[in-house]
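Please read it alongside the sequence and the coordinates.

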Amino acid sequence: MRMLLMARVNCEEFYEVYRGVLPEFIPMVAQLASGVCMCLEVACEDPEKNSHQEFRNFCGPMDPEIAKLLRPHTLRSKFGSSKVLNGIHCTDLSDDTNLELQYMFKILE
């Protein structure tokens, strides 16, 4: 676990994969830069389980309104209020998991 206040340039770099893909890119960057960020590395103890997918399931769909309909017991359903204020970030792609962990825990040191 790590808590940090990210500079806007770092937030843009972190979310770069979403630039031009999500219309919420600029508000997402502004939100991430707006205060302290808590970063966690979450892993499954069971080697048969995929940590990335288990965590994605726990978070739910990016849009809290969709999460409330389809996955009402997820974090985003319970704590999110919009696609930008959705309660939590988790990577979409398994391949990006290690990149994001390295960025938050090594590059930003």
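Arg76 counts as buried, at 3% relative accessibility. Here buried means under 20% relative accessible area, exposed over 50%, and partly exposed in between, with a 1.4 Å probe and protein chains only. The structure is a predicted model, in which local features need pLDDT of at least 70 and side-chain atom pairs count only at pLDDT 80 or more, while totals for chains, interfaces and linings use all residues. Residues are numbered from 1 along each chain as its sequence is written, and side-chain values use heavy atoms, with hydrogens and water left out.

**Arg76 and its surroundings**

Arg76 is placed in helix 5, residues 75-79. Helices (H or I, at least four residues) and strands (E, at least two) are DSSP runs, numbered from the N terminus. A polar atom of the Arg76 side chain lies 2.9 Å from the backbone oxygen of Gly60. Apart from neighbours within four places in sequence, Arg76 is in contact (heavy atoms within 4.5 Å) with a list of residues that includes Arg56, Cys59, Gly60, Pro61 and Met62. Asn86, Ile88, His89 and Cys90 are also among the contacts of Arg76.

**Helix 6**

Helix 6 spans residues 94-107, 14 residues in number, and reaches 19 Å from its first C-alpha to its last. This is close to the 20 Å expected at 1.5 Å a residue, where the expected span is 1.5 Å times one less than the number of residues. The buried residues in helix 6 are Asp96, Glu100, Leu101, Tyr103 and Met104. They cover an arc of only 160 degrees around the axis, so they sit on the same side of helix 6; the arc is that of the directions from the helix axis to the C-beta atoms. Strand 1 (2-5), helix 1 (8-14) and strand 2 (36-39) are the elements against which these buried residues of helix 6 pack. On the face of helix 6 turned away from the buried side are the exposed residues Asp95, Asn98, Leu99, Lys106 and Ile107.

**Strands 1 and 2**

Strand 1 and strand 2 run antiparallel and are joined by four bridges; two strands pair if DSSP finds at least two bridges between them. Arg2 has Cys39 in strand 2 as its bridge partner. Cys39 also belongs, with Cys37, to the covered face of strand 2, whereas Val36 and Met38 form the uncovered one. In a regular strand the side chains alternate between the two faces of the sheet.

**Salt bridges**

Four salt bridges are found in a search of the whole structure. The criterion is a side-chain nitrogen of Lys or Arg within 4 Å of a carboxyl oxygen of Asp or Glu.

| Pair | Closest N and O atoms |
|---|---|
| Glu12 and Arg8 | 3.5 Å |
| Arg19 and Glu16 | 3.1 Å |
| Lys83 and Glu24 | 3.8 Å |

The salt bridge between Lys83 and Glu24 links distant parts of the chain, 59 residues apart: Lys83 is in the loop between helix 5 and helix 6, and Glu24 in the loop between helix 1 and helix 2 (25-33). Lys83 is partly exposed at 36% relative accessibility, while Glu24 is buried with a relative accessible area of 15%.

Glu12 and Arg8 both belong to helix 1 and are four residues apart, about one turn of the helix. Glu12 is partly exposed at 27%, and Arg8 is partly exposed at 39%. Arg19 is partly exposed at 41% relative accessibility, and Glu16 is partly exposed at 39%.

Definitions and conventions. A polar contact is a pair of N or O atoms within 3.5 Å; within protein, one must be able to donate a hydrogen and the other to accept it, and residues adjacent in sequence count only if both atoms are side-chain atoms.
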